[in-house]
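This briefing is meant for a reader who is meeting the structure for the first time. Please look over the sequence and the model before reading the notes that follow.

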Amino acid sequence: NKKNKYKMVTQKVNKFKNKKNKYKMVTQKVNKFKKKNNQKIKINNNFYNNLPFKDSYQKNIEFKIKKNFSEYKNKIINLDVISSYKNTFKKHMHDKNYSIKEHIYKFPLALYIIKNNKVSISKKYNEIIQKKDNRLQVMLSLFQKTINWALENNLKVPDTKVFFWINDSMPYLSNELNNFPIWVFSKPINTKYILCPNDGFECFQLDKKYEGKCYDWDTLKKIISNKCVKKINKRYNNIYFKGANTTNYNNNIRINFFKLQSDKNNKLPLKIKLDAFQNYEPFYNVCKFKYLLNLPGRVPWSNRLQNSLLTKSIIINIDLENFSKKNNWYDEKYITFINYIISNNDIINIKYIFDYDKGKDSIENKIEFNNVIKKLNNVYKYIQKNEKKFIDITENTYEKINKLTNERIYQTIYLMFCYQSQFSFN
C-alpha cells in the first residue's frame with residue numbers, strides 16, 4: 001500500500017511538473033511574441049534618421065508629438081473603461097433631453113484598425129451617423145494616404161488601433177478616459193488626449209458649406225495663394241468674421257459681436273456675418289479684409305484658424321477659456337495641430353474667460369465680454385500705430401504655415417501610428 005501510495009504521489013508530482021513545464025513553454029512563447037511585437041517599431045535615433053524630413057521644422061512637430069504620447073505612462077490599456085464612459089455619455093444625453101436621432105449626440109468614438117498596411121473602421125465602434133458630417137470617412141482616407149506614403153518611403157507600418165473621438169469636443173463628462181490614449185481634433189492645453197491633424201487637411205470644401213469637392217492642404221494653399229492677390233494695405237480696413245451662429249446655446253460670443261457692430265458706441269470697424277449656411281461664400285473671399293477675427297464656435301476652437309493663416313491678413317484670435325467652480329474644472333485654451341506649428345507670438349490672442357456656472361446671460365459674463373472688447377479696441381489702436389510690425393509678423397507666420405505640406409502631415413501621422421503601436425489594448 002505504501003508503495004502504491006508513493007507511486008500515485010510520484011505520478012501526481014510528475015503530472016504537475018509536466019503542466020508547469022507546459023505553462024512555462026506557453027509563457028515563453030507569449031513573452032517571445034510580445035517581445036517580437038514590441039520590437040516591430042523601435043523609436044530611436046535610427047528610426048528618425050530613416051524619415052524623409054529631418055529639418056528643425058519637422059523636429060519641432062515631432063518633439064511635441066513625443067511629449068504628448070509620453071504623458072501616458074501605462075502602455076497596457078483596459079477597454080472596459082470605454083463601455084463605462086459610453087453609459088455615462090448616454091445618461092448625460094438622456095438627462096439633457098437631447099434627441100438621440102441627432103447625429104452629434106450619437107456616441108462619437110470610432111476605432112480605426114491598422115493591419116497589414118490597410119486601415120479599416122471597426123463595426124463595433126461605428127455608431128456615428130454620417131449625414132453632412134463626413135469626418136469618419138475623411139480621416140479614414142487621410143490615414144490610408146499616410147500608410148501609402150510610408151510604404152513609398154520604405155517605412156514599416158505597424159499594426160495598431162486608433163481610438164478617435166470624431167467630434168468637435170473631447171470626452172469631458174468624467175475622468176474615466178483620462179489615461180486612455182484617445183485621439184482628438186482639439187483639446188484644452190491642460191489635458192492629455194492625443195492631438196491629431198484634423199480632417200480639414202484632407203478635405204476642405206470650397207463650393208458649399210460641408211458639401212462638394214474636397215481639397216487637400218497642398219491644393220488649398222495654391223487656391224488661396226492665387227485668390228489672395230491684394231497686398232494687405234490694399235484690403236478693406238475691417239475686422240471681419242463670417243460663420244454661423246453656433247454659440248447661441250453656450251456663450252453667445254458670436255451673436256454678441258454681431259450686435260456690437262451696430263451699437264452706436266462701437267468704434268471698431270467690425271464686419272460680422274452669421275449667415276454662413278444661408279449665404280455661403282468661398283473661404284478665399286476673406287482675403288478682401290485686412291483683419292480677420294477668429295471666434296470660437298460650439299466649442300472653443302475652429303478649423304478656420306489654419307486656413308486664415310494662409311491669407312496674410314492680420315489674425316485676431318479670441319482664446320476662450322471655460323471654468324466651473326461648481327464642478328471643479330477649468331479648461332484652458334483649446335489647441336489644434338496648427339498650434340504645433342505656430343507660437344503665441346505669431347498671431348494676436350485675446351483671452352476670454354467664461355464662467356460656465358453663471359451662464360451666457362449673467363452679469364459676470366457680460367462684464368467679461370466688455371473687457372474683451374476693451375482689449376480689442378486697445379489692440380486695434382496699437383496695430384494702427386505699428387502696422388508694419390504686424391505685417392512682418394503676418395508674413396513670417398505665413399512662411400511657417402506654407403512650409404507645412406501633405407507629406408509633412410503624413411510623416412507626422414506615421415510617427416503617431418508608431419507611438420500608438422506601443423500600447424496594448426485588452
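How many bridges join strand 10 to strand 11, and do these strands run parallel or antiparallel? Four bridges join the two strands, which run parallel; strands here are DSSP E runs of at least two residues, helices are H or I runs of at least four, both are numbered from the N terminus, and two strands pair if DSSP finds at least two bridges between them. This is a predicted model, in which local features need pLDDT of at least 70 and side-chain atom pairs count only at pLDDT 80 or more, while totals for chains, interfaces and linings use all residues. Residues are numbered from 1 along each chain as its sequence is written, and side-chain values use heavy atoms, with hydrogens and water left out.

- Strand 11 has a covered face made of L270 and I272, whereas K271 and K273 are on its uncovered face.

**Helix 3**

- Helix 3 takes in the 15 residues 56–70, which at 1.5 Å a residue should span 21 Å, and its end C-alpha atoms are 20 Å apart, in agreement with that value; the expected span is 1.5 Å times one less than the number of residues.
- The buried residues of helix 3 are Y57, Q58, I61, E62, I65, N68 and F69, where buried means under 20% relative accessible area, exposed over 50% and partly exposed in between, with a 1.4 Å probe and protein chains only.
- As a general rule, an α-helix has 3.6 residues a turn, so residues three or four places apart point the same way.
- S56, K59, F63 and K67 are exposed on the other side of helix 3.
- The cover over the buried residues of helix 3 includes helix 2 (45–49), strand 5 (183–184), strand 6 (187–188), strand 7 (194–195), helix 10 (387–403) and helix 11 (406–420).

**S186, a buried loop residue**

- S186 is found in the loop between strand 5 and strand 6, and with a relative accessibility of 0% it counts as buried.
- Apart from neighbours within four places in sequence, S186 is in contact (heavy atoms within 4.5 Å) with M170, L195, W301, Y334, I335 and T336.
- A polar atom of the S186 side chain lies 2.9 Å from the backbone oxygen of I335.

**Salt bridges**

- The whole structure holds 15 salt bridges, a salt bridge being a side-chain nitrogen of Lys or Arg within 4 Å of a carboxyl oxygen of Asp or Glu.
- One of them joins K403 to D55, with the closest N and O atoms 3.8 Å apart; K403 lies in helix 10 and D55 in the loop between helix 2 and helix 3, so the pair ties together parts that are 348 residues apart in sequence.
- Both partners are partly exposed, K403 with a relative accessible area of 39% and D55 with one of 27%.
- Another salt bridge is formed by K242 and D275, whose closest N and O atoms are 2.5 Å apart, and it links strand 10 (residues 236–242) to the loop between strand 11 (270–273) and strand 12 (289–294), across 33 residues.
- K242 counts as buried at 14% relative accessibility, whereas D275 counts as partly exposed at 22%.
- E387 and K290 also form a salt bridge, their closest N and O atoms being 3.1 Å apart; since E387 lies in helix 10 and K290 in strand 12, the pair ties together parts that are 97 residues apart in sequence.
- E387 counts as partly exposed at 22% relative accessibility, while K290 is buried, with a relative accessible area of 8%.
- Salt bridges that share partners join K242, K273, D275 and E281 into one network.

**Positive phi angles in loops**

- N116, a residue other than glycine, has a positive phi near 50°; N116 lies in the loop between strand 2 (109–115) and strand 3 (118–121) and is exposed, with a relative accessible area of 59%.
- K312, also a residue other than glycine, has a positive phi near 70°; K312 lies in the loop between helix 8 (304–308) and strand 13 (314–324) and is partly exposed, with a relative accessible area of 29%.

Definitions and conventions. A polar contact is a pair of N or O atoms within 3.5 Å; within protein, one must be able to donate a hydrogen and the other to accept it, and residues adjacent in sequence count only if both atoms are side-chain atoms.
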